[in-house]
Amino acid sequence: MVDEVVEGTETKVMTYAEAIRDALRVAIAEDDRVFMMGEDVGIYGGAFGVTGELINEVGTERLRDTTISELGIVGAGVGAAITGMRPIVELQFSDFSAQAMDQIANQAAKIHFMLGGAVNVPLVIRAPGGSGTGAAAQHSQSLETWFVHIPGLKVVMPATPDDAKGLLLAALDDPNPVVVLEHKLLYKTSGDVRVGDARTPLGVAAIRREGKDLTIVATGVMVSRAMEAAEQLAAAGVDATVIDPRTLKPLDSKTILASVTATGRVLLVQEAAGTLGFMSEVAAIIAESETFAHLRAPVRRLSGLDIPIPYAPKLERAAVPQVEDIVAAATALVTEW
Amino acid sequence: MAELSLTMPKMSMTMEEGTMVAWLKSVGDPVKSGEPVAEVATDKVDMEVESPYDGVLSRIVADIDDVIKVGEPIGYITSDSDDLLGGLFDGADSGQTPGGQAPAAAGPGAAGGGAVGDGGAASTPGQDPVGGDGSTASSTASDWPAAVPLARSIASDRGVELSSVAPTGPGGIIRVQDVESAGAVPSRAEPAASAQPSAPSQPSARSQQSAPSRAPKAAGATDPVAARRARTRLLVARTMTVSASIPQFTAYRQFDLSVLAGVRKSGLGGASWTAILVKAQAIALSRHPELNAVWTEDGPERMEEIGIALAVDSPSGLLAPVIRNPQSETLPNLSAGIAQLVDSALSGSITAGQLSGGTSVFSNLGGMGVDHFNALLTPPHATALSAGSVAQRVVATADGAFGPRLTCTVGLTMDHRVADGADAARYLQTISDLVASPDSILAV
């Protein structure tokens, strides 16, 4: 499972943004019900260039520009979904989901249950989060916990180009609303992406690297930082496993617990603020499990500070975990315990 | 007829658990109130458990070598006395009144001011240097040492007592490697089996019942004396590990015993050197009451009574029976009392009460040819005295002459939190004056 791109599979190097575009291309071609809408996704090509020139291939019916109203965009998506379409809605920044929260939390997440299962809401909500682009406090948040906390929603956080494509395609297959939280810093990163209709199943974590000394669980942009940290740690003789849950809900806790049982030490890394963050849940799952008896060290979280993301670049950088922070925290876990 | 529980008695103030040594009765045997039914061992002594009622031993729930917490049932007796005693024992069943019906007399561990428990084993609240977890009560701290979960399960698998493991983790928490280095003692048989919740030969209900009160067995417990020795070893290890974290120093002084030797056979009634030195030690403590103390978070706390714990090399390991207030005993009585106490220690008949109430230690390796040494403090004692051999040695005198004198070099180990080097020097001066003038030692 270390390499989820199985050897022999045909791959192509593309950026994270290109991989999403490739998924849209595949899905739109395969399924007449699929379309995407959002602000500036058409002619402009998306605020972060995700759709690019795609409108020239698929047309305005399948790639629709909308008004600047997140509530309206998601509301339209919910309506389309319950009437048989497979809509994807894009929120330009995940921060703006606050505008759309009634549609997300009270409608999309609950309609299936309120109507006795008579209808499904196969809606995919794409939204980029995260800091590091100098976009300041209202455009830099990591809000995955908001969505994970709402029963009825599924939440994925692709950390690689291949997962950006594979998880989006899997989300489209799912009959439930799925929130896909992308990361602005990842759009320009590249990697091998499986060609064609290649899905990454929901609810399956990826072991990015295997080591015996500690387990690092990281989400979103923290996965690549954890991988870089793991290389530095390896040079210093510390052998780390890095797990990327990929799907936050439903979480593949089995993979995490198995690894922590083997290593006895766990470092949970997230960009989001620590208080009641997603990793608090992971910590609780570990504490409540049989893995608890295998802990050699206290469970450690490395999170963003409990502050609005600052605009000043140096402060913005200091507000969330960096590679050196992960190295230091992992080293302390292994040497002190 | 009702089934009443026979519980692990509390035989000393510091006793938290006991190890089953033997059952003197079998299931079905009639037992009388006050009759010994089983033998259990505490940290330092073996004691008999007497039946609190007339009846029949109906069930045995504690096997040999099981470690049972005070107040937990070791067996059950079917008795007619239930009508009279009824609800009294409900509490004991649930462990709410440990020792409430202890058949054996509870050890008078409160002697010596109450703050000092078993000689050589005690720790008082605020005095336990191991408790880096900030635990408030020493009993809690020793029952439940701070350890990472894996260290706990490894200790359980290997039969290592966590309380005997020196923590090296942050905040005084026991790490895995601490247990691994302490746990060189291998499990006797099937290490995996000991981790199983129920042993195959036992009814599972019984295992369930006593599971919470079980603790790792002492290693190598094949015969009673060896088992006793192993338990004593663990206790010494635990106590000395605590001692190692106390800032302590030793001051040595050579005493001229020539004058004493001259009157020992006649005026001192042939008293042993140990008795003479223990009495001198106790008189000196009474004259330096600030040293008859234990360290607490609020500073040194003086003890009213003096108790000298005498280190005895017994078949079951290092024991330290306590001589109470030897400063006010005549030397012949003291000498006889010490001889009796040592005999008890050697024969294994010492009681928990005889091991409690110490405020200092006297350790003598002189008889084994050692010239001088420094005993480590036994927490919470502030001092320990170590005597080397009493022998003729060439000594120079003030006028430049030299000649043979009967001398003994004594080491005084001191808790530096309680007192300083000069205090140690003054205390040794007092002992030196005492041995130089036998009259003061003769006097009561």
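Some ground rules. This is a predicted model, where local features need pLDDT of at least 70 and side-chain atom pairs count only at pLDDT 80 or more, while totals for chains, interfaces and linings use all residues. Residues are numbered from 1 along each chain as its sequence is written, chains are lettered from A and ligands numbered from 1 in the order in which they are written, and side-chain values use heavy atoms, with hydrogens and water left out.

By salt bridge I mean a side-chain nitrogen of Lys or Arg within 4 Å of a carboxyl oxygen of Asp or Glu. A:K154 sits in strand β6 (residues 154–156) of chain A and A:D174 in the loop between α7 (161–173) and β7 (178–183), so the pair ties together parts 20 residues apart in sequence. Helices (H or I, at least four residues) and strands (E, at least two) are DSSP runs, numbered from the N terminus. A:K154 is partly exposed at 22% relative accessible area, whereas A:D174 is buried at 10%; buried means under 20%, exposed over 50%, and partly exposed in between, with a 1.4 Å probe and protein chains only.

Next, A:D244 and A:R208 form a salt bridge with closest N and O atoms 2.7 Å apart. A:D244 lies in β11 (residues 240–244) and A:R208 in β9 (residues 206–209) of chain A, so this pair ties together parts 36 residues apart in sequence. A:D244 is buried at 0%, and A:R208 is buried at 11%.

Now over to chain B, and the second largest pocket. A pocket here is an open set of points on a 1 Å grid over the protein atoms alone, where a 1.4 Å probe fits, with protein on both sides within 12 Å along at least five of seven lines; lining residues have an atom within 4 Å of a point. There are 27 lining residues, and B:A311, B:V312, B:L318, B:S363 and B:N364 lie nearest the centre. The largest share of the lining, four residues, comes from β16(B). Where does this pocket lie? Domain 2 (138–241) and domain 3 (246–442) of chain B both give residues to the lining, so the pocket lies between them. Those domain bounds come from an automatic or database domain assignment.
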